[in-house]
Amino acid sequence: MALLGSVIAGRMRPVLSPLLHIRLMSSFAHLTSTVHPVKNRDMFVLVCSTLSPFLKPRDASLCHIRNYAKSKDKKGKDKKIQVHLSDSELSEVVNVTHMREEFSGIVEKLKEDYIKNLSLRTSVGSIENALVKLEGDEYPLNEIAQISRKSSHLLVINAAAFPQALTGIMTALRESGMNLNPQQEGTTIYVALPKVTKEHRENLAKNAKTLYNRCKDHLRDSQNQYVRKSKKKEGQMPDDLVHNAQLKIREIAESYMQEAEKMMMAKQKELLQAN
């Protein structure tokens, strides 16, 4: 004789009438129970057996228990797929040489900004060469204003020759990444050169992150431009080639972003380290 029960919410529910259940409990000492696993990991059957003559065999009742995947089982889903597409194959869809040069130029611009603008001791030359937007074009500051040093820690910028450039000059100085706080009085701008303090270092490190984010945005814009160009080839070339080309463009752009990020981290370490 065998008594079969189903496991529900961690408890055994005997498949018996109330009377048989009472008689079963009175002779509970005769019961032994075993768990028989099923190959499917999502379910199992609990089988109880007894020698009591009043019990009839019953069919097994299965309780399906769902085991949800844990986070460690999902790690592989977030992995990026590496596209095996050569430059010669990619060149059938977009101009690979031009694209790489454009990506490289954006990263190189970040490097130049770090060298020119993110120095612990602000260089007067960096301020003189700050690009100012004027009438739809950009000009170095020293071409549209007179710059003089009033003291070792104060510069005076006279923009009387081009007063319409004052707004552009103030914007260029504030967004230069050199941690400058220009003050305007009429057509004259006073720029205090910051001292090397812990706060100054931290501000420069933040500016390094700001310049990196700007570089990454430019890379994204350039990447999307080439992706759009590749989509125009749909219907003219095999679908697999066009699809893989788009993935490869994003993969290449991502490699330049990683290069820019390493550059940013190195610059921040340089700025924050003790004298």
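Strand 9 and strand 11 (residues 188-192) pair in the antiparallel sense over five bridges, where two strands count as paired if DSSP finds at least two bridges between them, and where strands (E, at least two residues) and helices (H or I, at least four) are DSSP runs numbered from the N terminus. The structure is a predicted model, in which local features need pLDDT of at least 70 and side-chain atom pairs count only at pLDDT 80 or more, while totals for chains, interfaces and linings use all residues. Residues are numbered from 1 along each chain as its sequence is written, and side-chain values use heavy atoms, with hydrogens and water left out.

| Strand pair | Bridges | Residues opposite each other |
|---|---|---|
| Strand 10 (residues 183-185) and strand 11 | three | Glu185 and Thr188 |

Strand 8 and strand 9 form a hairpin with two residues between them. Strand 10 and strand 11 also make a hairpin with two residues between the strands, and there Gly186 takes a positive phi near 65°.

Helix 3 (residues 96-117) has 22 residues and reaches 31 Å from its first C-alpha to its last, close to the 32 Å expected at 1.5 Å a residue, the expected span being 1.5 Å times one less than the number of residues. At the start of helix 3, a side-chain oxygen of Asn95 comes to within 3.4 Å of the backbone nitrogen of Thr97.

The buried residues of helix 3 are Val96, Met99, Phe103, Ile106, Val107, Leu110, Asp113, Tyr114 and Asn117. They lie on the same side of helix 3 because they cover an arc of only 145° around the axis, an arc taken from the directions from the helix axis to the C-beta atoms. Buried here means under 20% relative accessible area, exposed over 50%, and partly exposed in between (1.4 Å probe, protein chains only). The face turned away from the buried side of helix 3 carries the exposed residues Thr97, Glu101 and Ile115.

The cover over the buried residues of helix 3 includes helix 2 (87-90), helix 4 (124-128), helix 7 (198-231) and helix 8 (239-272). Asp113, which lies in helix 3, is buried with a relative accessible area of 12%. Leaving aside neighbours within four places in sequence, Asp113 is in contact (heavy atoms within 4.5 Å) with Leu118 and Leu211.

A nonpolar core is a set of buried Ala, Val, Leu, Ile, Met, Phe, Trp, Tyr and Cys residues joined through side-chain atoms within 4.5 Å. Of the 31 residues in the largest such core, Leu90, Val94, Met99, Phe103, Tyr114, Leu219 and Ile249 touch the most other members. Helix 3, helix 7 and helix 8 each supply at least two residues of this core, and helix 8 gives the most, with 10 residues. A second, separate core of 21 residues includes Val124, Ala145, Ala172 and Val191.

Terms used
A polar contact is a pair of N or O atoms within 3.5 Å; within protein, one must be able to donate a hydrogen and the other to accept it, and residues adjacent in sequence count only if both atoms are side-chain atoms.
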